[in-house]
Amino acid sequence: MNYDLICIDIMKKVSTEGKKKRLLLQACCAPCSSAVLERLATTFDITMLFYNPNITEEKEYRKRKEELQRFLHKKYPNIKILDCSYDKEAFLEVTRGLEQEKEGGKRCYQCYLLRLQKTASLAQMHHFDYFGTTLSISPYKNSAWLNEIGKDLEEKYQISYLYADFKKHNGYQRSIELSKEYGLYRQDYCGCIYSKIEREKKKELEFQREN
């Protein structure tokens with residue numbers, strides 16, 4: 001499936017209808033959101049959802065949320081954030097037993113499902129036309145899984161999912177450029193304690209090789 005082409009078709013359809021559709025867009029961070037919003041903001045009436053219970057350190061969670069708020073205030077002041085409570089226990093519960101999985105494996109699938117299910121549920125509750133996520137802009141995220149989950153939730157909650165693969169058209173590179181332009185804080189791990197441990201092990205191995 002070419003999810004990028006599907007996204008283009010959806011956007012063309014929405015544009016021809018003459019009225020912006022309401023989109024609830026789950027945002028993982030400001031850098032990823034920057035390039036996605038650049039692409040979507042003229043087509044949709046967007047509300048950002050900051051729901052990221054995978055960020056297991058509260059200090060890091062608040063830093064990423066505040067950076068998203070700062071970026072929106074500066075670049076997209078009309079876009080609101082639908083905030084959620086800090087809830088790392090939800091992530092720890094759905095990934096229980098998967099602690100030793102490699103980054104990008106079954107643990108990440110459960111994380112995608114957790115965040116997208118919350119997005120779909122709130123989109124239905126608040127009568128949005130579409131729900132989606134910025135996650136597919138990252139080369140480290142499995143776009144096929146994200147869109148398969150989105151399809152299942154679309155059927156479950158009876159609300160349209162914005163299929164996408166935002167890393168296409170140099171989306172990830174554009175997020176880096178925009179991060180530099182707006183001085184955005186970029187993290188080097190997804191946010192969960194497991195990816196942080198894996199990152200630190202890689203850094204230690206690299207240090208040992210260089211020394």
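Tutor: The open sheet has 5 strands in the order S3-S2-S1-S4-S5, and their pairing is parallel. At the edges stand strand S3 (80-83) and strand S5 (160-161), each with a single partner strand, so one side of each has no neighbour in the sheet. Two strands count as paired if DSSP finds at least two bridges between them, and strands (E, at least two residues) and helices (H or I, at least four) are DSSP runs numbered from the N terminus. This is a predicted model, in which local features need pLDDT of at least 70 and side-chain atom pairs count only at pLDDT 80 or more, while totals for chains, interfaces and linings use all residues. Residues are numbered from 1 along each chain as its sequence is written, and side-chain values use heavy atoms, with hydrogens and water left out.

Helix H1 (residues 3-16) lies across strand S1 (21-26), strand S2 (44-50), S4 and S5, and runs at about 130° to S2. Contact means heavy atoms within 4.5 Å, while axes are lines fitted to C-alpha atoms, for helices over the stretch in contact, with angles from 0 to 180 degrees between N-to-C directions.

Turning to a pair of helices, the axes of helix H5 (residues 106-125) and helix H6 (residues 143-157) come within 9 Å and cross at roughly 35°. Among the residues that meet are Tyr-109, Leu-113 and Leu-116 in H5, and Trp-145, Ile-149 and Leu-153 in H6. The residues of this contact divide into 10 nonpolar, 4 polar and 2 charged, where Ala, Val, Leu, Ile, Met, Phe, Trp, Tyr, Cys and Pro count as nonpolar, Asp, Glu, Lys and Arg as charged, and the others, Gly among them, as polar.

H5 also belongs to the lining of the largest cavity, to which H5 gives the most, with 5 residues. A cavity is a set of points on a 1 Å grid over the protein atoms alone where a 1.4 Å probe fits but cannot get out, whereas a pocket is an open set with protein on both sides within 12 Å along at least five of seven lines, and lining residues have an atom within 4 Å of a point. Grid points are joined across faces, edges and corners, and a volume is the space filled by probe spheres set on the points. There is 1 cavity of 30 Å³ or more, and the largest cavity holds about 70 Å³ of space. Its lining, which includes Cys-108, Arg-115, Lys-141 and Cys-190, has 6 nonpolar, no polar and 4 charged residues.

The largest pocket holds about 740 Å³, and of its 29 lining residues Tyr-140, Lys-141, Asp-188, Tyr-189 and Cys-190 lie nearest its centre. Helix H2 (30-40), H5 and helix H8 (193-210) are the elements that give two or more residues to this lining, and H8 gives the most, with 6 residues. By class, the lining has 12 nonpolar, 6 polar and 11 charged residues.

The second largest pocket has a volume of about 260 Å³, and H8 gives the most to this lining as well, with 5 residues. Among its lining residues are Glu-99, Arg-107, Tyr-194 and Lys-201, and the lining divides into 2 nonpolar, 1 polar and 7 charged residues.
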